[in-house]
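Me: I am new to this structure and would like to learn how to read it, one feature at a time. Could we look at it together?

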Amino acid sequence: MSNSIDTVVSVDLGGTNIKFGLIDTEGRVLMRTRRETRARQGRDEVIERIYSGVQECLDAADGKVLGIGICSPGPLDSQAGIVFHTPNMPGWENAPLREMLAEKFGIPVNLENDGSAAARGENWIGAGKDVDDMIQLTLGTGIGGGIILKNRLWTGFQHCAGELGHTTVNYNGRLCGCGRKGCIEPYANASGFVMTFMEHIERGEKPKFYKKGDKVTPKLISQWADDGDEVAASVIEETGKVLGVAVTNLVNALNPQMVVISGGIARAGERLFKPLRETVKERAMYPMAEELQIVPSIAEDDAGIIGAARCLLDTVEDRILNINEL
Ligand SMILES: [Zn+2]
């Protein structure tokens, strides 16, 4: 008898870093490695770095590797395994990422949107492990999203579902990175958070610690609020409220049991979560906010690699189910 265990090699492709993990079938991370993305060097160079990280994980595996789960910024078609384009990575138009990895390594590969993978990871071993229906918003450079219904990722008719960062909160509002107006993303991503702070200054408000020329970051705004700056505190409150409007729209549509908020801005804690919860309570249709939990992520930075592994396991299990049904 061997002590070897089944594992999945996991890849979280981001604009700055590529994270890799070897994950067991209980969601434990057995090893981690990473490479810089260096997206400007072009797609082929990035693919080579993906191959090298995957190989390092395969070499470390002691036992059967069930497949490779990869997640990437979208939009992408998870069924076809194609990345349509990624705004921060030139040369990725219609990249058949799943096929490339499957050909190179000869094992099953699943490609998923990074926001969706993070949600499935959180649902598997994180904040959402005891709920069946949840949505997740990841507040970062952009806003990622994922919808979990009955413990399965909801991918939709064209396998693109979960673009929750482009939920409209103001139909004639701020310009979003997607080219449209008034999505939640330019209000509650990192730069949107800073933009709100600067708008308060332009209106003549006087923050306690800010000096002209300071490089303002969400972390700094949070720090200032903790140190007693009322302007910074009101910016976090305002962001929580607008996020609450976006979450209300999603709650009214999907009636989840839990909403998970992850990413750097979520670390503002109760200053953000209190106005967020209050807004949803005020606005959601009765009784959908009554037992709804709105909570921070537990899996945090690991959610992508853990979720990408879980999505691979889901597809492998589906295939076995389908064979049994024949
Ligand atoms: Zn948008």
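Me: Is C160 buried, exposed or partly exposed?

Reply: Buried means under 20% relative accessible area, exposed over 50%, and partly exposed in between, with a 1.4 Å probe and protein chains only. C160 has 31% relative accessibility, so C160 counts as partly exposed. Please keep in mind that this is a predicted model, in which local features need pLDDT of at least 70, side-chain atom pairs count only at pLDDT 80 or more, and totals for chains, interfaces and linings use all residues. Residues are numbered from 1 along each chain as its sequence is written, and side-chain values use heavy atoms, with hydrogens and water left out.

Me: How many disulfides are there?

Reply: A disulfide is a covalent bond between the sulfur atoms of two cysteines. Here a pair of cysteine sulfur atoms must lie within 2.5 Å, and by this rule the count is zero. For C160, the closest cysteine sulfur is that of C178, 14 Å away, which is too far for a bond.

Me: Which residues coordinate the zinc ion?

Reply: Donors are N, O and S atoms within 2.8 Å of the metal (3.2 Å for Na, K and Ca), and since water is not among the atoms, sites may look incomplete. The zinc ion is held by ND1 of H166 and by the SG atoms of C176, C178 and C183, at 2.0 to 2.3 Å. Along the sequence these donor residues follow the spacing H-x9-C-x1-C-x4-C.

Me: Why is the arrangement around the zinc ion tetrahedral?

Reply: Four donors count as tetrahedral if all angles lie between 85 and 135 degrees. The four donor atoms around the zinc ion subtend angles of 104 to 118°, so the arrangement is tetrahedral.

Me: Which residues have the most contacts inside the largest nonpolar core?

Reply: A nonpolar core is a set of buried Ala, Val, Leu, Ile, Met, Phe, Trp, Tyr and Cys residues joined through side-chain atoms within 4.5 Å. The largest has 41 residues, and F197, I221, I261 and I294 have the most contacts inside it. Another core, of 30 residues, lies apart from it and includes V46, V65, W92 and L101.

Methods: Four donors count as tetrahedral if all angles lie between 85 and 135 degrees; four count as square planar and six as octahedral if opposite donors are over 155 degrees apart and all others between 65 and 115; anything else is irregular.
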